[in-house]
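Please look at the sequence and the structure below, and keep both in view while reading the short report that follows.

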Amino acid sequence: MRASYFNLLRVPAAALLTAAVLLAGCATPPKDPDELAIYKENNDPLEPMNRYIFEVNNGLDELLIKPLASWYNLMLPDRVEQGVHNVLTNLNSPVIFANDAMQGNGPRAKITAERFAINSTLGVAGIFDVAANWWGIKHHDEDFGQTMAVWGVGEGPYLVLPVIGPSNPRDAVGYGVDSVMDPWGWVLPSHLQWINYTRTGIQGIDLRSRNLETLDQIKKGSLDFYATMRSLYRQHRNDEIKNYDEKSNNVFTPSASVDDPSVKKPQLSQTN
Amino acid sequence: MQRRSFLAAAAALLSFPSLAGAAPSTADAQKFIDSLGEAAISSLTGTDLSEDERETRFRGLLESHFDLPGISKFVLARYWRVATDTERADFRRLFETLLVQAYAKKFAEYAGERFKVSGALANDDGSITVNSLIDRPNGDQIRLDWRIEDVSGLKISDLIVEGVSLRTTYRSDVGSVIQNGGGKVASLLDALRQKTGTQ
């Protein structure tokens, strides 16, 4: 099983969750109809607890994760960082492939398989994204949370997980299933499992280092960082689930937008 | 006879979108976004610009190209009704300042990225979505969509980055601030004054 921050912190996290639920409890639905409409739109009945965990996560980020990510960003040349990122992405291919397949998306499963075959060999264990650079076969992400969404499972209420951050029951379960599905954990003997733990750690640093400016920018532009992140997370996940096809974006024939069902219309997310 | 003239009138109305609700053409909308891109890069990205000057120019582009009244109304959503005229005007002004302060500086770090307009689609509500793509130096490609409406001239009513809408996100942000401030728009204005450091 793939290690994650979540596993390392499982015991304290569970204790924290229980304590927070007991202390903070749920938010009480407001009486005023306008307020009630917002309450429903936010879909965040555990808001007091979520806000608490969000604050703890932010503290942890400021103290540890962000400095590590900044240091990583400064110390390593961009090319090396890109190589590390490519290796991590390549290692994720089996999970992406499984989810492509479970979503019944043959063409995308084929893309993932081709990328894995090409980049693992010609790309020297995934360091170089040869598939994208030479053949234009581009990376796409997929996870079990998205797969369940495709199957029709609803997201459930908003949830902030310790360390991992914004989520919901569907995506939290998806994260767990992806971890179990990941074959590298099965392949490694138990005394070498630290390799997988290290991989998860580097994955976290890589993700954070690629979002240093973005998160600062969001903080700078928002009044309520928590509410902003909640909205961003939902919109972003909905966008990922839709499997936006880049090609349809490039098709520009005015009539196609009306008549051709294969041309997907980019939809403006109006949900929260 | 009367019926025929009615049909003729209806046909005429349908063939002139401008009469039926002023729908802009997708080609015009694409040109509009292209020209905004040129204007933004040429006027905002100079390294010798002072911060104040950059903010002034950014504010100018924001006011000339964005439907700020419409966006403000969308962002305040259900609180627009209860807000007084002064509160609405204050919100619009402070919200604009927040955008200027948060985003003008981005152009100082401009590293030569260009966005290319890749298409446009007419939406059911008469607005137009112009699609564009930005190539990042690290090889990532970002989808940036522009929602264009005709409000006495073409104006941008929303920016959608990778499926994340600017105005929808601000609607959540602002809604939460008001909610935590006891449902009072005044509490939002206080928060905005504090954040922007202006009156």
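## Around L192(B)

L192(B) touches L223(A), L94(B), F95(B) and L98(B), when residues up to four places away in sequence are not counted; touching here means that the C-beta atoms of two residues, placed from the backbone, lie within 7 Å. This is a predicted model, in which local features need pLDDT of at least 70 and side-chain atom pairs count only at pLDDT 80 or more, while totals for chains, interfaces and linings use all residues. Residues are numbered from 1 along each chain as its sequence is written, and chains are lettered from A and ligands numbered from 1 in the order in which they are written.

## Nonpolar cores

L192(B), together with F95(B), V174(B) and L188(B), has the most contacts inside the largest nonpolar core, which has 21 residues. Such a core is a set of buried Ala, Val, Leu, Ile, Met, Phe, Trp, Tyr and Cys residues joined through C-beta atoms within 7 Å, and a residue is buried if 20 or more other C-beta atoms lie within 10 Å of its own, exposed if 12 or fewer, and partly exposed in between. A second, separate core of ten residues includes A29(B), A120(B), I128(B) and W146(B).

## D100(A) and its surroundings

D100(A) is found in helix α6 of chain A, where a helix is a DSSP run of H or I with at least four residues, numbered from the N terminus. D100(A) counts as buried because it has 24 C-beta neighbours inside 10 Å. Leaving out residues up to four places away in sequence, D100(A) touches N105(A), R108(A), A109(A), T112(A) and E142(A). T112(A) is itself one of the buried residues of α7(A), and the buried residues of that helix pack against α5, α6 and α8 of chain A.

Terms used
Helices (H or I, at least four residues) and strands (E, at least two) are DSSP runs, numbered from the N terminus.
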